[in-house]
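Hello,

Here is the structure for you to look through. My notes on it follow below.

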Amino acid sequence: MRYYVQRVFQAIITFVGGLFLTYCLYRLMPGGPVQAIVADIVSRRVRQGRPVDAQEIGAQAERMTGINPEHGILEGFYEYVFNIVVYQDFGRSIGFADPVFDVLFRAMPWSLFISGYGLILGFTATVLIGTLMAWNEGTKTDSGLTVFVLTMNSIPYYVGAIFMLVVLGFEWGVLPTGGRYPQSAEPGFNPEFMIGVAKHGAMPILSTFIIGFAGGSLGMRANTVRIMGSDYLRSARLRGLSTNRILTRYLARNAILPIYTGLVIGISGVFSSGVITEQIFQYPGVGWYMFEGLQLQDYPLIMGGFVFFAGLTVIAILIADLTYGLIDPRAGDAASRESF
Amino acid sequence: MAIGQPQQSTTEEETRDTILEVRNARVQFGMSRGQAWVLNDVDLDIYREEILAVVGESGSGKSMFASALLDAVEDPGVLSGDVTYYPEDTGTVSSDEIETFDASGSNSVDVLDLTTSELDRLRWEEISMVFQGAMNSFNPTMKILHHFHETIRAHNAVMEERMEHVRDLFDSLHLDFERVMKSYPHELSGGMKQRALIALALVLEPDVLVMDEPTAALDLLMQRSIISMLRNLRDEFGLTIVFITHDLSLVAGLADRIGVMYAFEFIEVGKPASLLKDAAHPYTRALLRSLPSLTSDLDEMKPIAGSRPDPVNIPTGCSYHPRCPIADDRCEIEDPELVDVDDGDGDHQAACFYTDQARAELEYTLHSESMEDM
C-alpha cells in the first residue's frame with residue numbers, strides 16, 4: 001500500500017514540476033507568448049488611439065492566457081494552477097474563440113479513439129510477431145519476419161501515413177482523406193455515423209499501429225528465445241502441458257515482463273505523435289488543435305496541449321508502475337509480502 | 001552382451017525385476033567440428049524399486065542418460081538404441097491411471113517408439129523427472145498450486161484424488177501444504193522449492209523417478225535431509241529412483257547400486273559395498289582417491305592426470321586408456337565391455353580387462369564416514 005501512495009505522490013510531483021518548467025518558458029522566453037500578447041494589445045490600442053494602461057492590459061492578457069504578466073512567476077504559477085484545478089480554466093483560445101479546456105476536451109475522445117486502437121493493435125502485433133519469430137527461431141519464417149519488421153521499423157510513420165493517404169485515400173478512394181466522420185451523418189447511435197467514424201479513423205489508426213509494433217517485436221523475440229531455453233519451460237513440456245498453455249501461460253506471459261513497462265510508457269509517445277498524424281489526415285484531435293494553435297500563435301491553446309501531454313505521460317508511467325506488480329509477482333509490493 | 005539377462009540372475013534374498021532396460025543407447029549431436037557422441041553405446045538394466053545412483057564427473061554423459069530414459073534429449077541431440085519400460089502388472093495399477101501401454105499385447109513399452117501423445121502419458125504417469133535446475137523449474141509468474149493443477153488437468157486425472165495424494169506427499173516431505181501452495185516460487189527457500197518439485201514429479205504416482213543432480217545448489221544439511229526423505233518415499237510409494245550426481249559420498253549410503261560413468265558410458269556398476277570398498281576399474285579407483293575428506297592427508301588426495309575426453313573425438317578402445325596407468329596396447333584397440341568381477345553374480349561389473357591388476361596396483365583409502373557405513 002505504501003508503495004502505491006509513494007508512486008502516486010511521485011507522479012504528482014513530476015507533473016507539477018513539468019508544468020512549472022513549461023510555465024517558466026512561457027513567461028521568461030524573450031518575446032514569449034505573454035509578452036507577444038501584451039505587445040499585440042498595446043500596438044492595437046496605439047493604432048486605435050486609445051490610452052495604454054498597463055493594469056488594464058495586464059487584466060486583458062490574463063483573461064486570454066490565464067496568466068497576469070503583472071504578477072511574479074511563483075505567484076502567477078500558483079494562480080495558473082489554481083485556475084486549472086478549481087475552474088478547469090486554461091485560458092482562452094485566441095484562434096478558436098473558446099475556452100482552451102472546451103476546445104481540447106471536445107477533441108480528446110477522438111485522439112483517444114485513434115491512439116487507443118492503434119496501441120492495442122500495435123501491442124498485440126508486437127507480442128504475436130515476437131513470439132512467432134522466437135517459436136520458429138532460425139527458420140525462414142524467423143528471418144523473413146525479421147526483415148519485414150526491420151523494414152517497417154525503418155519507415156518513419158509519417159512517411160507511411162502519407163503513402164497510405166496517397167494510395168488508399170486519393171488513388172483508390174477507398175478511405176476518406178480527412179475529418180472525423182461524414183458531414184452528412186448525424187452523430188449518435190446509427191450505422192451511418194458509426195461506419196463513418198470507423199472509416200475516417202482507419203488510416204490514422206493504421207499509421208499509429210506502425211509506430212507501435214515494429215521495434216518491440218524484436219525485443220519480444222529475444223525475451224521469448226531466452227525463456228524457451230529455461231528450465232521451467234522444459235519441465236512444462238515434459239509434464240505434458242498443451243502447447244497452447246505453454247505458449248500463453250509460460251512463454252508469452254514471462255516474455256512480456258521486460259517489455260511491458262516500455263509498452264505502457266510508449267503510450268505517451270503515440271499521443272504526441274498524434275500532432276503529426278492528425279495533421280496529415282486532417283483529423284481534429286488534440287494534436288491537430290495543437291498544430292493549428294502553433295500556426296495561429298495561439299499560445300494558451302498550446303500551453304493547454306502541453307499540460308494535456310505531460311499529464312498523459314505521467315499517467316502512463318504511473319499505470320506502468322502500479323500494474324507491474326500485478327503481472328510480475330516478484331516486483332511491486334514484494335516488501336510487504338510474506339516471505340519464507 | 002554386457003549384462004546378463006536380469007530376470008534370470010537371482011540372488012538368494014531378492015528377485016531382480018527389471019523396470020527399465022537400456023540397450024545401445026547413443027546420443028549424437030551434429031557439431032561444426034564433427035559428430036559428438038554424448039552417450040556412447042550404453043547398456044544398463046534398472047531394477048524395480050531400487051535406488052540407482054549414477055555418478056561421474058561433469059560432462060561424462062550423466063544428464064544425457066537421465067534424459068534418454070524419458071526420451072527427453074533436447075534438440076538437436078538424436079537418441080538411438082532401445083529403452084524399454086516394463087510396467088507393473090495391471091492388477092496393481094491405481095484406478096486413475098490411464099490404461100497401461102500394452103496395446104501390443106506384451107507387457108513392455110518401447111519408449112523410443114511411442115507417438116507424441118503416448119510419450120506425454122508415459123512421462124509423469126510412469127516415469128517422472130526432477131531437473132538439474134530445480135531452482136528454476138517453476139514458472140516464476142505462477143503459484144505453486146497451479147503447477148499441480150495444470151499437471152493433473154493435462155493428464156486427465158481426478159483432481160480431488162490427486163490433490164489428496166499431494167497432501168500425503170507434502171506430509172512425507174515435511175512441507176506445509178497451505179503455505180507452500182499459495183506461494184509464488186520466489187517466496188520459497190531452495191530446499192522448499194526442491195521438495196515441492198519432488199512432490200510435483202510424484203503427483204501422478206509414477207513408478208520411476210529420475211533425478212538429475214537434485215541436490216546441487218542446496219546446503220549440505222538440506223542435501224542430507226532430502227536424501228533421507230527419498231528413501232522414505234521409495235519405501236512408501238514403491239518408487240524406482242535413478243539419482244544422478246557428481247557427489248559420490250552423498251549417495252554412498254542411499255543407493256542400492258552405483259553406476260560410474262566415464263566418457264559417456266558406464267565403466268563400473270555395482271553395490272555400494274563392493275564398488276566403494278574395492279573398486280575394480282582404474283578410473284573408479286582414481287576417482288575415489290581424489291575425494292577430499294576431513295581426516296585424510298592432503299598428500300593422499302591425487303587428482304586424475306590428463307583431461308576428460310572430447311565428445312567429438314572419443315579415444316579408441318577403452319576410452320580411459322590415455323589416462324590409465326596400467327593401460328597397454330590391448331586397451332588402445334579393444335573396447336572392454338562391462339563384465340562381472342568377483343563371483344560373477346551380477347552384483348558388481350566393470351569394463352576393464354585388468355581388474356585384478358588395478359585392484360592390486362592402484363591404492364586408495366576411504367575416509368568419509370558415510371562410506372565406511374557400507
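Start with one term: two strands pair if DSSP finds at least two bridges between them. Helices (H or I, at least four residues) and strands (E, at least two) are themselves DSSP runs, numbered from the N terminus. Strands of a sheet pair through backbone hydrogen bonds, either parallel or antiparallel.

This is a predicted model, in which local features need pLDDT of at least 70 and side-chain atom pairs count only at pLDDT 80 or more, while totals for chains, interfaces and linings use all residues. Residues are numbered from 1 along each chain as its sequence is written, and chains are lettered from A and ligands numbered from 1 in the order in which they are written.

**The sheet in chain B**

Chain B has 13 helices and 12 strands. In chain B, 8 strands make an open sheet with mixed pairing, in the order β6-β7-β8-β3-β9-β10-β12-β11. The edges are β6 (127-130) and β11 (339-340) of chain B. Each has a single partner strand, so one side of each is left without a neighbour in the sheet.

Look at β3 (residues 51-55) and β8 (residues 240-245) of chain B: they pair in the parallel sense over 5 bridges. One example is Leu52(B), whose bridge partner in β8(B) is Val242(B).

Helix α1(B) lies across β3, β6, β7 (208-212), β8 and β9 (257-262) of chain B. It runs at about 155 degrees to β8(B). Here axes are lines fitted to C-alpha atoms, for helices over the stretch in contact, and angles run from 0 to 180 degrees between N-to-C directions.

Go to Ser63(B), in helix α1 (residues 62-69) of chain B. Is Ser63(B) buried or exposed? Ser63(B) is buried, because 20 other C-beta atoms lie within 10 Å. The cut-offs are 20 or more other C-beta atoms within 10 Å for buried, 12 or fewer for exposed, and in between for partly exposed, with C-beta atoms placed from the backbone. Across the 374 residues of chain B, 43% count as buried.

Leaving out residues up to four places away in sequence, Ser63(B) touches Gln132(B), Asp212(B) and Ile244(B). Contact means that the C-beta atoms of two residues, placed from the backbone, lie within 7 Å. Thr245(B) is 182 residues from Ser63(B) along the chain, yet their C-alpha atoms are separated by 9.0 Å.

The peptide bond from Asp75(B) to Pro76(B) is cis, with omega near 0 degrees. Pro76(B) sits in the loop between α1 and β4 (78-85) of chain B.

Trp124(B) is not a glycine, but has a positive phi of about 75 degrees. Trp124(B) belongs to helix α2 (residues 116-125) of chain B. It counts as buried, with 25 C-beta neighbours inside 10 Å.

Glu213(B) is not a glycine either, and its positive phi is about 45 degrees. Glu213(B) lies in the loop between β7 and α7 (220-237) of chain B. It is partly exposed, with 19 other C-beta atoms within 10 Å.

**Where the chains touch**

In total, 20 residues of chain A are in contact with 22 residues of chain B. On the chain A side, α9 (231-238) and α10 (243-280) each supply at least two residues. α10(A) gives the most, with 5 residues.

Best wishes
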